[in-house]
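Here is a short briefing on one protein model.

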Amino acid sequence: MKEDNCLHAALICMGMLYYSHAITTEKLNNVRPSLHGHHEKGKEGQVLHRSKRGWVWNQFFVIEEYTGPDPVLVGRLHSDIDSGDGNIKYILSGEGAGIIFVIDDKSGNIHATKTLDREERAQYTLTAQAVDRNTNRPLEPPSEFIVKVQDINDNPPEFLHENYHANVPERSNVGTSVIQVTASDADDPTYGNSAKLVYSILEGQPYFSVEAQTGIIRTALPNMDREAKEEYHVVIQAKDMGGHMGGLSGTTKVTITLTDVNDNPPKFPQSVYQMSVSEAAIPGEEVGRVKAKDPDIGENGLVAYSIIDGDGVDMFEITTDYETQEGVVKLKKLLDFETKKSYNLKVEAANVHIDPKFISNGPFKDTVTVKITVEDADEPPIFLKPSYIFEVQENAASGTVVGKVHAKDPDAANSAIRYSIDRHTDLERYFTINAEDGNIKTVKTLDREEIAWHNISIFAVEVHKQHQEAKVPVAIKVIDVNDNAPKFAAAYEAFVCENARSNQQFITVTADDKDDSANGPRFIFSLPPEIIHNPNFTLRDNRDNTASVFVRREGFSRQKQDLYLLPIVISDGGLPPMSSTNTLTIRVCGCDSNGSLLSCNAEAYILNAGLSTGALIAILACIVILLVIVVLFVTLKRQKKEPLIVFEEEDVRENIITYDDEGGGEEDTEAFDIATLQNPDGINGFIPRKDIKPEYQYMPRPGLRPAPNSVDVDDFINTRIQEADNDPTAPPYDSIQIYGYEGRGSVAGSLSSLESATTDSDLDYDYLQNWGPRFKKLADLYGSKDTFDDDS
């Protein structure tokens with residue numbers, strides 16, 4: 001506290017001295033002539049007297065941050081005309097007048113009533129005036145002056161940022177610029193050393209230094225290693241007053257990070273890696289990983305791996321996992337424990353990017369030995385071949401050996417193998433296999449024309465380990481045997497004109513053979529020996545698997561023969577050859593003079609050319625119908641000449657059949673035999689028949705009775721027919737037999753009007769009104785009884 005009071009006192013003294021010096025200087029430099037010493041001509045000839053100015057001020061000074069008990073005396077205004085009697089009044093106006101600055105209107109003393117801060121405002125412009133206290137008449141012209149706030153060192157330096165971050169490459173040379181820090185001081189830089197700053201380093205030695213005047217931070221040690229220490233915290237101080245004692249200071253923190261350079265080669269942490277892999281592993285499967293450590297980071301730490309030597313170069317490969325920076329050893333080919341049990345690899349790890357500045361640090365790569373052990377695995381059997389192809393002749397006898405497959409156990413145990421056929425590939429069971437030795441034999445006779453290739457699969461299974469099995473495809477080719485004779489390639493039908501010329505070709509035929517080409521073409525065409533001198537046709541083999549048929553003679557007649565069958569023998573080229581006789585159908589046709597076909601029917605040639613085929617058929621049909629009518633008529637005449645039953649008087653109308661179209665079915669049909677009515681004896685059954693000779697006396701025939709409901713109608717009718725046929729008193733065969741049985745009848749009843757019109761019925765037929773227009777007439781006939789009575 002004592003030190004603060006001393007400081008303030010010293011500052012006040014310095015201000016007063018400065019103020020006195022300034023006032024003296026101003027008065028010496030700014031004294032102006034008084035108005036009283038000169039005469040000027042005014043208005044209307046009045047002579048004006050310029051009096052001598054008795055006060056002139058340029059500026060006052062006041063110390064900032066003064067905190068004394070009394071207001072600070074800034075200065076005093078005084079006019080030479082002031083005699084001290086109090087008649088002059090001093091007035092102050094301008095910036096801060098009456099608020100910050102007050103004036104004693106009698107003495108002219110100016111005081112500052114508030115503490116001033118130069119950093120807020122450095123100066124104030126005021127105007128002073130001396131007036132008559134009684135009349136307020138200006139005694140002096142207004143005088144403007146400035147009150148400057150005198151600076152003191154009350155603001156410490158401040159840095160632009162509280163924290164700075166900077167990077168510098170590791171192993172940089174001494175003096176390498178890292179970053180520049182800048183501080184500012186709010187004090188007046190033109191007055192004293194209050195704003196004169198000096199930079200120094202408080203923390204961070206001996207690694208870094210700072211330039212006192214510029215604030216540039218530089219490296220101070222050589223070969224700083226990022227891998228040893230990556231980040232440094234440096235504290236920089238800025239002090240005013242030129243760094244002298246009593247000055248104010250400010251600090252900032254600077255975080256400096258060493259950036260990486262490729263100054264470290266990769267190194268394997270061990271000299272040998274041990275790995276193992278099963279012989280059952282498939283190519284591409286991972287075996288193991290190696291890693292060379294590189295303390296560098298980013299692209300400087302990227303490592304690429306490669307196999308440069310070893311007996312496993314062809315069996316293994318290595319790739320780089322750039323995420324983990326590891327070398328991944330993978331299987332390249334299938335392994336066999338029984339063949340080779342271990343492999344050695346020499347693996348190299350090298351940096352991808354090399355900095356030429358540090359090439360002298362040595363080769364940026366390292367090598368390591370990788371030993372890989374192959375583990376034995378329980379492997380399935382292995383066939384000696386990936387597939388088998390066998391051949392067998394068609395039509396070979398059952399049990400013929402087709403071929404043999406062989407598999408072995410690759411394991412050291414060498415287990416016994418059993419073979420079987422996958423029946424899904426041999427559904428018809430054409431083959432069988434010996435489970436012990438793998439011999440494949442036929443079970444059925446094979447036909448190449450039906451199946452030329454048989455594709456089956458064979459299983460090989462270890463005897464003691466049924467789950468270990470292998471599968472191999474077997475293709476069996478059926479070798480062709482010449483067992484099919486050639487035949488016509490199509491159903492040929494040839495046509496020959498009646499006016500054909502001799503040696504005229506009219507058709508070319510070819511053949512087809514189901515056998516293989518070795519046993520098929522070339523085909524040989526010929527005529528059978530017995531008709532080789534056929535007078536009508538001849539054959540020529542074209543030697544290109546075709547044959548041409550020619551006419552041997554001129555002129556054919558459809559009337560004599562319209563169809564010829566020419567046998568042709570076709571032989572193939574197999575050993576032994578096979579042949580077949582094929583018949584060529586040749587029709588004789590009518591042609592015009594140009595050889596164009598007109599007709600090939602023999603009947604059309606005989607009939608009138610003016611009648612068409614349809615007209616001829618219609619005429620023939622009419623003739624047949626007339627013939628049938630004549631035959632029926634003659635037959636009926638013969639039957640009428642000798643009737644079977646003798647009547648006393650012939651009646652033209654022998655049978656009358658009446659039909660009632662209004663009725664419903666067979667109930668309304670009745671037959672009446674007029675001959676029976678004319679012969680009363682016939683009623684009693686004594687009518688003699690001529691076609692049956694009675695062998696016994698006639699017994700009265702029981703009356704016809706309806707058959708029970710359980711009797712079948714067919715049986716009933718057949719029984720009655722048999723009785724009539726054997727009864728000499730029964731009517732002849734061509735008469736109509738009347739029976740009173742019609743079957744079980746209809747559950748719907750009868751709609752016939754034969755009985756309903758004459759008998760009273762209790763049935764209600766009003767429902768017919770609801771059956772629609774088709775039953776309207778019946779509804780009118782069978783309406784309600786009341787309605788019928790009313791109508792009658």
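Valine 234 stands opposite valine 254 in strand 18. The model is predicted: local features need pLDDT of at least 70, side-chain atom pairs count only at pLDDT 80 or more, and totals for chains, interfaces and linings use all residues. Residues are numbered from 1 along each chain as its sequence is written, and side-chain values use heavy atoms, with hydrogens and water left out.

**Strand pairing**
- Strand 17 (residues 231-239) pairs with strand 18 in the antiparallel sense, over nine bridges. Helices (H or I, at least four residues) and strands (E, at least two) are DSSP runs, numbered from the N terminus. Two strands pair if DSSP finds at least two bridges between them.
- Strand 11 (residues 163-169) and strand 18 (residues 249-259) pair in the parallel sense, over seven bridges.
- Within strand 18, threonine 255 is the residue opposite histidine 165.

**Nonpolar cores**
- The largest nonpolar core has 26 residues. Such a core is a set of buried Ala, Val, Leu, Ile, Met, Phe, Trp, Tyr and Cys residues joined through side-chain atoms within 4.5 Å.
- Val290, Tyr305, Phe316, Val347, Val370 and Ile372 have the most contacts inside this core.
- Elements giving two or more residues to this core include strand 19 (272-278), strand 21 (303-310) and strand 25 (365-375).
- Valine 290 touches residues including Phe268, Tyr273, Met275, Tyr305 and Val370, not counting residues up to four places away in sequence. Contact means heavy atoms within 4.5 Å.
- Another core lies apart from the largest one. It has 25 residues, among them Ala500, Val509, Leu584 and Ile586.

**Surface and loop**
- Ile619, Leu620, Ile623 and Leu627 make a nonpolar surface patch of about 380 Å². Nonpolar side chains are joined within 5 Å, like charges within 9 Å.
- Leucine 620 belongs to helix 3 (residues 613-641). Leucine 620 counts as exposed because its relative accessibility is 55%. Buried means under 20%, exposed over 50%, partly exposed in between (1.4 Å probe, protein chains only).
- Proline 521 sits in the loop between strand 37 (505-512) and strand 38 (524-526). Proline 521 is partly exposed, at 38% relative accessible area.

**Whole chain**
- The protein chain has seven helices and 45 strands.
- Of its 792 residues, 35% are buried.

Notes:
Patches are made of residues with over 30% relative accessible area and no salt bridge: like charges are joined within 9 Å, nonpolar side chains (Val, Leu, Ile, Met, Phe, Trp, Tyr) within 5 Å. Accessible areas come from the Shrake-Rupley method with a 1.4 Å probe; for residues, only the protein chains shown count as cover. A salt bridge is a side-chain nitrogen of Lys or Arg within 4 Å of a carboxyl oxygen of Asp or Glu.
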